[in-house]
Structures are given as C-alpha cells and as structure tokens.
Amino acid sequence: MKITVDMAKCEDHGQCAIAAPVAFRMNDDGKLEHDGEVDDAYLDEVEEAADVCPVQAILIGA
Amino acid sequence: MSTGHVVVVGGSLGGLRAAEQLRAAGHDGPVTVVGEEPWLPYNRPPLSKEVLADPGDHDPARLHAGIAFRRRASVEDVEFRVGRRVVSADLARRALALDDGTALTYDGLVVATGLRARRLAVPGPTEGRHVVRTLDDACALRAAIADASQVVVVGAGFVGCETAASLHTLGLPVTVVHPEAVAFEPALGREVGAAIQRHLEAAGITFVSGVGVAAYAGVGAVAGVLLDDGRTLEASLVVEAVGSACNTEWLEGNGLDLSDGVLTDNDLRVVGAQRVVAVGDVSRFPNPLFGPDLGARPRRVEHWSMPTDTAKRAAATLVADLAGTPGPDTPFAPTPSFWSDLLDLRLQAYGSPALGSELRLEEGDLARLGDGAVVTYHHDGALVGVLAVNIPPARLRALRDRFAAPVAVH
Ligand SMILES: Cc1cc2nc3c(=O)[nH]c(=O)nc-3n(C[C@H](O)[C@H](O)[C@H](O)COP(=O)(O)OP(=O)(O)OC[C@H]3O[C@@H](n4cnc5c(N)ncnc54)[C@H](O)[C@@H]3O)c2cc1C
Ligand code: SF4
C-alpha cells in the first residue's frame with residue numbers, strides 16, 4: 001500500500017512511529033521519516049498509525 | 001457473520017471509530033450513526049490550538065474541511081445522520097426516538113455521545129461568553145476575537161490553558177481565573193502545575209488563582225468579571241473552560257448507572273443492558289492496567305486516545321454478543337495517552353498522572369521546562385503515569401512501554 005504524510009500538517013508527534021515502526025521513524029532531529037510504500041501485510045499497523053496521528057496527517061492509498 | 005442493524009449514537013471520534021471497528025470485527029449488516037452536530041466526524045483537539053491560530057477565516061465549512069476525519073473505505077456504506085439528536089431510548093424494546101419525531105430500532109447499540117461543555121451558572125449578561133467544545137463554538141470564538149481587547153479565560157485545565165495560550169499568541173491580553181491553587185492541579189499535581197503556570201506567566205499570560213467567578217458585569221454584553229474575593233477584571237471576551245457534563249440524558253429511564261457517564265464492564269458492555277456497548281469520553285470502565293485495586297474502580301478517561309481504543313474492544317464485544325459467541329477473553333487494559341500544546345511546551349503523557357499520590361522528577365528541571373523534563377507519578381509504589389515535557393518524540397515509545405505494566409495486554 002502507498003503511504004502519504006501531509007508534511008504541512010505533521011507536527012512530529014511520533015505517535016505513528018509507536019504504532020507502526022515498520023513504516024514510520026523519528027530521526028535524531030525529532031523529525032518524521034516514513035516509507036512511501038509498505039507491504040500490505042502491515043495494513044493493520046499502518047491503519048492504526050493513521051488513526052492515532054493527532055493531526056490526522058497520514059493518508060493510506062491503494 | 002452478524003447481519004443485525006447496529007445504531008451508533010454520537011457522531012464524533014468515538015462514533016466514527018465504532019463504525020470502522022464494527023466492520024473490522026466482521027459486522028457486515030447495516031450501521032447507522034446518529035450525530036447531533038451538523039458535521040461529519042471531525043477532530044476536536046485542534047479547536048483550542050491550530051483553529052484559533054488564524055482567526056481571520058470563520059467559515060465553518062472551510063474549517064470543517066481542514067479537520068474532518070478521513071473515513072475508511074469500510075464505512076462507505078454506513079449511514080451518517082448528522083444534525084439529528086436521539087432524545088430517548090427504550091432499551092427493552094430496542095428503540096430510539098429522534099428529535100425529528102422518527103423512531104429507529106436496532107439489534108445492537110453503541111453509546112458514543114461524549115460530553116458537552118459546562119457553563120457557569122452565575123448572573124450577568126450571556127453575550128460575549130464562549131465555550132470550546134464544538135466546531136461551532138470555535139467559529140463563534142474566532143468571530144469574536146476581532147473585536148476583543150481583553151480576554152478572561154475561566155478555568156485552568158487543558159482546554160482553558162490551551163485557549164489562553166492560543167489567544168495570547170494572537171497578541172491579546174489574557175487573564176486566566178481559576179479556583180485551584182495552581183493550573184492543572186487536579187490533572188498533573190501541584191508542583192508540575194505550578195511549573196507550567198510559571199512558564200505561561202513568564203510568557204505574559206496573567207493567572208488569578210484560588211478564586212471563583214461570582215457574576216459577570218456589563219449591559220447587554222460582558223464587560224467584566226466579578227470575582228468571589230470582590231475584585232473585578234475587565235473583559236470584552238470570556239471563555240469558560242470549566243469542565244464538562246456527560247450526554248446521557250437520552251438513556252434515562254432504563255435503570256442504568258448514569259452517575260458519571262455510562263457504567264460498563266471491562267469489555268465495554270453497558271451494565272444492566274443487553275447488546276449495548278459504550279465508547280469514548282462517556283464510558284466508565286475498569287482498567288486492570290492500574291492493578292487490582294485502582295484498576296477495579298471504573299473510571300472515565302477524557303483523552304483523545306480512548307475513543308479509538310475503546311471502539312476496538314467494544315466492537316469486538318458487540319459483534320460477539322450479536323452472534324451469541326464468546327467475546328474477547330483477555331483483559332482490556334489500554335494505556336491512556338494524551339498530549340497538549342502550550343506555547344513552546346509540548347506535554348505528552350501516558351497512563352493517568354491524575355491517579356498519582358506521589359511524583360518524582362526523573363529528568364530535567366521544573367524551573368526550565370522548555371529544556372525538557374520527565375516526571376513519573378506513583379500510587380502505592382506502582383507507576384501510574386508518566387509526563388514528558390519537550391522530550392524528543394523518538395523517546396516516547398520507551399516511556400510508554402516502560403509504563404505499560406505486565407498486566408497490560410497491549
Ligand atoms: C477543545 C478541546 C481540545 C482537546 N484537546 C485534546 C488534546 O490535546 N489531547 C487529548 O488527548 N484530548 C483532547 N481533547 C479531548 C478529546 O477531543 C475527546 O477525548 C474526544 O473528542 C472524545 O470523543 P468522543 O467521541 O468520545 O466524544 P465527543 O467528541 O464529545 O462526541 C460526542 C458526540 O455525540 C453527539 N451527541 C451527544 N448527545 C447526542 C444525542 N443524544 N444524539 C446524537 N448525538 C449526540 C455530540 O454532539 C458529539 O458530536 C480535547 C477536547 C476539546 C473539547
Ligand atoms: S503521528 Fe502524525 S504528526 Fe506525529 S509524526 Fe506521525 S504523522 Fe507526524
């Protein structure tokens with residue numbers, strides 16, 4: 001599946017990195033880094049990451 | 001799988017997550033969400049933060065577009081009846097009455113009606129007094145900002161202090177009035193509350209602590225706030241952030257325990273009803289995360305993480321009850337989590353600091369909160385909460401995991 005993060009919205013809360021470390025990581029500067037494409041096997045985790053993002057910045061594509 | 005009709009009452013975060021999680025739990029029958037607000041589910045926390053940052057635009061539809069929740073494809077066929085209130089329920093007959101005079105019957109019911117802002121019951125004009133709970137509240141407040149010269153915020157909890165910080169950032173003179181000794185005292189304890197208050201004061205927000213509001217002054221619109229101690233504060237705009245009341249009136253007459261929200265068991269089943277579950281701010285459930293003693297006492301948790309966590313469990317419970325199969329057999333022990341933005345401070349908490357009877361500063365200096373601090377809260381020797389202030393997000397997982405005690409199943 002495709003993952004898009006609206007970086008204008010993202011406030012580096014890091015909740016996504018707790019829910020789905022497979023796709024989201026916080027770097028040493030406290031900024032979000034994420035994969036653009038993740039295996040569908042991780043759909044549950046990635047959906048949870050999108051759910052828990054306080055500013056709802058994460059979009060999951062097909 | 002189950003094909004009965006599930007009605008969800010309440011169309012905010014809890015209602016949306018309940019609909020999504022019913023689908024995820026295998027419910028393929030019809031789902032109807034009834035919500036009193038005229039909007040599809042939107043995100044509430046920005047209302048006291050980002051939404052107040054740019055008061056120029058107060059078109060509610062544009063504001064809504066900016067904070068509306070994305071809805072999963074699985075709920076495309078869910079009917080959202082917005083702008084409709086459920087006025088009463090007959091749980092024995094599984095029937096609901098709506099404010100347009102229509103009736104709705106269900107096989108399974110989800111209670112997701114959350115809270116409403118409380119207002120002060122004191123004499124004086126009502127014009128110029130605001131609350132911040134809904135999108136419409138925030139629009140009204142934004143519209144009033146342009147003409148405001150002096151703001152008084154009543155209440156020094158999260159909504160009060162966040163609103164004060166947002167209005168201060170816009171350049172308005174802001175005074176916070178509250179009855180406790182320090183801001184955030186009930187939620188975070190006296191030392192931490194005092195430290196946050198000092199930080200906000202240093203930035204230019206005035207606090208008047210330890211006093212209540214006796215009345216409002218002014219003809220037609222609020223011009224001042226009369227305090228318990230006889231003082232008067234000038235005010236052209238007042239925001240009341242004095243807590244909330246549970247939206248449970250519609251459930252009265254069914255023999256439920258509605259003394260504080262809706263009492264449920266650990267699986268979110270409403271006690272005294274069948275095929276009824278409750279999620280989000282309104283559900284009062286025992287959480288074994290906090291051990292055999294504290295954890296056995298049902299509590300409501302007014303944090304943004306709870307609607308999502310409780311909806312997952314409640315949906316699994318309801319789907320099993322509708323199918324007559326056993327529900328989940330592990331204890332439900334979610335780790336509450338909340339955040340707050342106050343000027344240059346980002347607070348992030350796990351667990352329930354409010355349950356702590358003792359606190360320890362693990363890291364940092366309360367006099368220099370901006371540089372980062374970690375405080376842990378304990379009760380009877382057990383860790384019950386962690387508060388991190390300006391801690392890099394990469395470290396949050398470790399803080400949460402450390403807190404999530406062995407009894408936790410997540
Ligand atoms: C200004 C503000 C800022 C916040 N900031 C944070 C934060 O930074 N961090 C954090 O963790 N939490 C925060 N919260 C708390 C968080 O927003 C709530 O925990 C969350 O909204 C709870 O969702 P809910 O769906 O359970 O209830 P609610 O959001 O209260 O939704 C209940 C819905 O049910 C509807 N309803 C009520 N009665 C009826 C009826 N009879 N019929 C039909 N519909 C009905 C209501 O209109 C409402 O839309 C904040 C809350 C506010 C108000
Ligand atoms: S949770 Fe949301 S705001 Fe936080 S880092 Fe992830 S995408 Fe950004």
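Here is a short chat about the chain interface and the two ligands in this predicted model.

Local features here need pLDDT of at least 70, side-chain atom pairs count only at pLDDT 80 or more, and totals for chains, interfaces and linings use all residues. Residues are numbered from 1 along each chain as its sequence is written, chains are lettered from A and ligands numbered from 1 in the order written, and side-chain values use heavy atoms, without hydrogens and water.

Trainee: How much area do chain B and chain A bury between them?

Mentor: Buried area is the accessible area (1.4 Å probe) that two parts lose on being put together, summed over both. Here 45% of it is on carbon and sulfur atoms. The total for chain B and chain A is about 1800 Å².

Trainee: Which residue of chain A forms a salt bridge with Arg72(B)?

Mentor: A salt bridge takes a side-chain nitrogen of Lys or Arg within 4 Å of a carboxyl oxygen of Asp or Glu. The rule finds 6 across this interface. For Arg72(B), the closest N and O atoms are 2.8 Å apart, and the partner is Asp51(A).

Trainee: How far is an oxygen atom of ligand 1 from an N or O atom in the side chain of Glu37(B)?

Mentor: Glu37(B) is among the residues that come nearest, out of 35 around ligand 1 (a heavy atom within 4 Å). On the backbone side, a polar atom of Gly14(B) is 2.8 Å from a ligand 1 oxygen. For the Glu37(B) side chain, the distance is 2.5 Å.

Trainee: And how many residues around ligand 2 are nonpolar, polar and charged?

Mentor: Ala, Val, Leu, Ile, Met, Phe, Trp, Tyr, Cys and Pro count as nonpolar, Asp, Glu, Lys and Arg as charged, and the others, Gly among them, as polar. Cys10(A) and His13(A) are among the nearest of the 13 residues. The shell divides into 8 nonpolar, 3 polar and 2 charged.

Conventions:
A polar contact is a pair of N or O atoms within 3.5 Å; within protein, one must be able to donate a hydrogen and the other to accept it, and residues adjacent in sequence count only if both atoms are side-chain atoms.
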